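Reader: I have a model open and want to learn how to read it. Where do we begin?

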Amino acid sequence: MTKMMNKWLLAGAVVSAMCTSVASAKVSEEKAAQLGGEIYTPMGSIRAGNEDGSIPAWTGGITEDMIPEGYQEGDHHPDPFADDEKLFTIDASNYQQYAEHLTVGQIALFKAYPDRFKMHIYPTRRSASYPQHVLDAIKANATRAELIQEGNGIKGAAIGIPFPFPENGLQLIWNSITRYRGVSVEREVGQAAPLPDGDYVLVKLKDELHHIYNEPDMTPEKLEEGNVLFLFRQNVTAPARLAGTALLVHETMDQVKEPRKAWTYNTGQRRVRRAPNVAYDAPGTASDGLRTTDDFDMFNGAPDRYNWTITGKKEIYIPYNTYKLHSDEVTYDEIIQPGVINSDLVRYEKHRVWVLEANLKEDTRHQYKKRVFYIDEDSWQIAAEEMYDERGELWRVAMAYLVNYYDVPTLWSTLEAYYDLPSGRYLVIGLDNQENMYNFKVEFSDSHFTPSALRRAGIR
């Protein structure tokens, strides 16, 4: 592809995205047929690299022949790119030179933590890869998926992201919400909210997730009938004062027809209660007030309180292929440091991202007046976010530290960090270095995600 065509594709995608209404039409068979071709990857990103070669062409992501020798399912994933040499480091002394490829939040971290925050830049590896049946589903979704209920739900899609050619902000955020992360996953992870001096208490969580949307035989018709996107269950296992607290969520596709259902189990009351407040800006589980419920996984839940606008597409340095941070040879004490996580463990690469802005509607409320998301074009994973308070001041900065779980395969975070600028604190979620690796082959019974199951687990 020529440099001129690459530039034209980027400009055309942005103009289309900024000018199309919510009620946009499905794409044509001819357009969908371009997925996986010379111009577009099967996920809908631009296949070609950028003009100066700092972003290469996508050539399939991590494939089976690239998996490091000796790896077995259940292991922490060794780094396929361990031999890559660092290109350069961005820190408080030189970040202005690279400002066009930095987010507003990253620049704020350089200013807030000049001695601690830095970005080690490595060659870009477009490692995102997915099972073939997921890629096939994306092509099918392209011609039939549509927004419903003024963008607060979707229909006509299953398994893959619904809108590989997003024409507006709501389509883009639904791509992030529905992106493929396997069918079922069980994980044991740590969460910490260190004080400004770095002292922390480790909270341990057991997360269980079943994506009904991603079941191999799923169809849009079945989803429309059941109206359930995924089932999620979370149990706090440590420390002792919190152990036994549990959460159950049934997430819906049409959230106007039927909003999210949630239940909590409290060990003190020994009761399961409906929890309609487990949504939007309610505090996250054991988060010390450093994240909202809809911050989890960078964004989840109903998008109805915001106006969503795609503001462009940019080349940004984001945490990518952060296998060193994922390693079972790294301890939590090494990761958790005052102010920010240990920058020497994080790999950054330049990637093309969609920039998505969410502005709070006048007739609604939320702690965040504005949010800006940076969404990786190859995976539809939110890699970075900025959250603004009611005065319009930058309040929090979030980053997801990404790896390809190549046994699935899927690109997802190994860690998420939410930096609270006024308090000098942060919350880190997903610490798995000293835990069993994610189990993507777990099978759950139909009764596992029910209030009665939550009650039984709590009593035990």
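**Rings, charges and buried faces**

Author: Begin with a charge and a ring. The charged end of R305 sits over the ring of Y280, 3.5 Å from its centre. "Over" has cut-offs: NZ of Lys or CZ of Arg lies within 6 Å of the ring centre and within 35 degrees of the ring normal. K370 is also placed this way, with its charged end over the ring of Y388, 4.5 Å from the centre.

Reader: What should I know about the source?

Author: This is a predicted model, where local features need pLDDT of at least 70, side-chain atom pairs count only at pLDDT 80 or more, and totals for chains, interfaces and linings use all residues. Residues are numbered from 1 along each chain as its sequence is written, and side-chain values use heavy atoms, with hydrogens and water left out.

Reader: How many aromatic pairs does a search of the whole structure find?

Author: A pair of aromatic rings is described by the distance of the centres and the angle of the planes. Rings of Phe, Tyr and Trp (its six-membered ring) pair if their centres lie within 6.5 Å; planes under 30 degrees apart are stacked, over 60 edge-to-face, and the rest tilted. The search finds 22 pairs. One of them is F88 with Y317, edge-to-face, at 6.1 Å centre to centre and 80 degrees between the planes.

Reader: Which parts of the chain does that pair link?

Author: Distant ones: F88 is in strand β1 (residues 88-90) and Y317 in strand β11 (residues 306-319), 229 residues apart. Helices (H or I, at least four residues) and strands (E, at least two) are DSSP runs, numbered from the N terminus.

Reader: Is Y317 buried or exposed?

Author: Buried means under 20% relative accessible area, exposed over 50%, and partly exposed in between (1.4 Å probe, protein chains only). Y317 has 6% relative accessibility, so Y317 counts as buried. F88 has 25%, so F88 counts as partly exposed. Now take F299 and W308: they pair edge-to-face, 5.4 Å centre to centre, with 75 degrees between the planes. Both are buried. Ring pairs link F299, Y306, W308 and F373 into a cluster.

Reader: Which residues touch the most other members of the largest nonpolar core?

Author: A nonpolar core is a set of buried Ala, Val, Leu, Ile, Met, Phe, Trp, Tyr and Cys residues joined through side-chain atoms within 4.5 Å. The largest one here has 137 residues, and I341, Y401 and Y419 touch the most other members. Strand β15 (residues 394-405) gives the largest share, nine residues.

Reader: Where do the buried residues of α4 fall, seen down its axis?

Author: List them before looking down the axis. In helix α4 (residues 132-142), the buried residues are V134, L135, A137, I138, N141 and A142. They fall within an arc of 155 degrees, so they line one face of the helix. The arc is that of the directions from the helix axis to the C-beta atoms. Their cover includes α2 (29-32).

Reader: How many residues of α5 are buried?

Author: Helix α5 (residues 169-178) is mostly covered, with 10 of its 10 residues buried. Look at its start too. A side-chain oxygen of N168 reaches to within 3.2 Å of the backbone nitrogen of L170.

Reader: What does the side chain of Q381 make a polar contact with?

Author: A polar contact is a pair of N or O atoms within 3.5 Å; within protein, one must be able to donate a hydrogen and the other to accept it, and residues adjacent in sequence count only if both atoms are side-chain atoms. The Q381 side chain makes one with the side chain of R179 (3.0 Å). Q381 is found in the loop between β13 (370-376) and β14 (382-388). Q381 is buried, with a relative accessible area of 0%.

Reader: Which backbone angles deserve a look?

Author: Most residues other than glycine have a negative phi, and most peptide bonds are trans. W380 has a positive phi of about 65 degrees although it is not a glycine. W380 lies in the loop between β13 and β14, and is buried at 2% relative accessible area. Q149 also has a positive phi, about 50 degrees. Q149 is partly exposed at 35%.

Reader: Which peptide bonds are cis?

Author: A cis bond joins A238 and P239, with omega about 0 degrees. The bond from V408 to P409 is cis too, with omega near -10 degrees. P409 is in the loop between β15 and β16 (410-420).

Methods. Contact = heavy atoms within 4.5 Å.
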